[in-house]
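Student: Please take a close look at one part of this model. I would like the charged side-chain pairs, and the sheet that goes with them.

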Amino acid sequence: VLGVFGGLWLNVSVEPLVKTGAFYPLTGLKSQLGVQVLNAEMLAKTTSSDPKYKILRKPKFGKLKKIVRRSGDKQVIREVDVTKFSHGEIASGIVYFVAKKVLEPVEDSFPFLLTANGVQPAIGELRFHVSVAEPPSTTTPHLPTTTFKYPSTSVIKKPKHTKHTQH
């Protein structure tokens, strides 16, 4: 928001009260958007509401989907493309990203509008890379692969010594 107050320019930016974490979707697979990726718990507690995410631009290399179940039923009834979801749905593990098949890693993102009762809406963005390999592990250290190259050896034949006789 820009404004002029007493001859001074004032620029006010609103950032969403959400924590974003590392997200490593794999090509061709479903990857859950859990609270480790998008976490608006602090906003939920502050406003005593269930914050809502509205997707402003869909990701290029995949789709955001949500599992739809019957009330009280754990069985998946269907999966639907979504352009909005809530913090509660993220926390319950029913929102995920389905990556398209790609031949090499690609960068993707989706901007969102985060709203909650009694506070100014704010725009955020989740950026990530769609990978073609396993994501880095947080429990097992990555051990580099080392290749040793040994110099080639060749056998050198020494000439036979012959006795020299003096005359």
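Tutor: A salt bridge here is a side-chain nitrogen of Lys or Arg within 4 Å of a carboxyl oxygen of Asp or Glu. Side chains of opposite charge can pair when their charged atoms come close. The model is predicted, so local features need pLDDT of at least 70, side-chain atom pairs count only at pLDDT 80 or more, and totals for chains, interfaces and linings use all residues. Residues are numbered from 1 along each chain as its sequence is written, and side-chain values use heavy atoms, with hydrogens and water left out.

The search of the whole structure gives eight salt bridges. One of them joins E125 and R57, at 3.6 Å from N to O. This pair links distant parts of the chain: E125 sits in strand β12, R57 in the loop between β6 and β7 (62-68), 68 residues apart. Helices (H or I, at least four residues) and strands (E, at least two) are DSSP runs, numbered from the N terminus.

Burial comes next. Buried means under 20% relative accessible area, exposed over 50%, and partly exposed in between, with a 1.4 Å probe and protein chains only. E125 is partly exposed at 32%. R57 is partly exposed as well, at 34%.

K63 and D81 also form a salt bridge, 3.7 Å from N to O. K63 belongs to strand β7 and D81 to strand β8 (residues 78-81), so the pair ties together parts 18 residues apart in sequence. K63 has a relative accessible area of 45% and is partly exposed. D81, at 46%, is partly exposed too.

K66 pairs with E89, and their closest N and O atoms are 3.0 Å apart. K66 is in strand β7 and E89 in helix α2 (residues 87-91), 23 residues apart. K66 is buried at 17%. E89 is buried at 19%. Elsewhere, shared partners join R57, E125 and R127 into one salt-bridge network.

Now the sheet. Two strands pair if DSSP finds at least two bridges between them. Four strands make an open sheet in the order β9-β6-β11-β12, with antiparallel pairing. β9 (84-86) and β12 (122-130) are the edge strands, each with a single partner strand, so one side of each has no neighbour in the sheet. Strand β6 (residues 52-55) pairs with β9 in the antiparallel sense over three bridges. K54 has K84, in β9, as its bridge partner.
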